[in-house]
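User: Please take a close look at one part of this model, its charged side chains. Where do they sit, and what lies around them?

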Amino acid sequence: MMTREMVLELLATLGSDVDVYERMDGTIRVTVQDFEGFDEEWSEVEADYDEDAVDAVYERLEAEASEVEGDYYRYFQFDGFTVVWGYASMDI
């Protein structure tokens, strides 16, 4: 099973494609930066990011977690902490 440090190192490989925020309660919140903004017609503009790398990290977390829950945001349970996975486009 992955430790907290291992998870943070794995997330760091994604660089600016994700924002990682560590909460005081130990939760690690991950936001994939897939939303760039709106165009002149107020249509959503998708951001370019390395989807293959992001998918690989997601799949690794899913495989290593003791439990995975959630339909909208995904909650990966590890020993002593939780990783909450979401996308910037979900917060529009």
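Analyst: Helices (H or I, at least four residues) and strands (E, at least two) are DSSP runs, numbered from the N terminus. This is a predicted model: local features need pLDDT of at least 70, side-chain atom pairs need pLDDT 80 or more, and totals for chains, interfaces and linings use all residues. Residues are numbered from 1 along each chain as its sequence is written, and side-chain values use heavy atoms, without hydrogens and water.

The chain has two helices and seven strands. Read from the N terminus, the order is α-β-β-β-β-α-β-β-β. Along its principal axes, the C-alpha trace spans about 45 × 25 × 20 Å. The chain has 92 residues, and 36% of them count as buried (under 20% relative accessible area; exposed is over 50%, partly exposed in between; 1.4 Å probe, protein chains only).

Now the charge. A patch of negative charge lies on the surface. Patch residues have over 30% relative accessible area (Shrake-Rupley, 1.4 Å probe) and no salt bridge, with like charges joined within 9 Å. Asp and Glu count as negative, each placed at CG of Asp or CD of Glu. The members are Glu-36, Glu-44, Glu-46, Asp-48, Asp-50, Glu-51, Asp-52, Asp-55 and Glu-59. Which element gives the largest share? Helix 2 does, with four residues. Helix 2 covers 51-64, strand 4 covers 44-46, and each supplies at least two residues of the patch. Look at Glu-46 in strand 4. Glu-46 is exposed, at a relative accessible area of 67%.

Trp-42 sits in the loop that runs from strand 3 (35-38) to strand 4. Trp-42 is exposed too, with a relative accessible area of 66%. Check the backbone here: Trp-42 is not a glycine, yet its phi is positive, about 65°. Most residues other than glycine have a negative phi.

Some charges are paired instead. How many salt bridges does the structure hold? Four (a side-chain nitrogen of Lys or Arg within 4 Å of a carboxyl oxygen of Asp or Glu). Two of them involve helix 2. Arg-60 and Glu-64 meet at 3.7 Å, N to O. They are four residues apart in helix 2, so about one helical turn separates them. Both are partly exposed: Arg-60 has a relative accessible area of 36%, and Glu-64 has 26%. Glu-62 bonds with Arg-74 in a salt bridge, with the closest N and O atoms 3.7 Å apart. This pair links distant parts of the chain, 12 residues apart: Glu-62 is in helix 2, and Arg-74 is in strand 6 (74-78). Glu-62 is partly exposed at 35%.

Another bridge ties helix 1 to strand 1. Arg-4 and Glu-22 have their closest N and O atoms 3.0 Å apart. Arg-4 belongs to helix 1 (4-12) and Glu-22 to strand 1 (18-22), 18 residues apart. Glu-22 is partly exposed, at 42%.

Stay with helix 1. Its buried residues are Val-7, Leu-10 and Leu-11. The face turned away from them carries exposed residues: Glu-5, Glu-9 and Ala-12.

Definitions and conventions:
Patches are made of residues with over 30% relative accessible area and no salt bridge: like charges are joined within 9 Å, nonpolar side chains (Val, Leu, Ile, Met, Phe, Trp, Tyr) within 5 Å.
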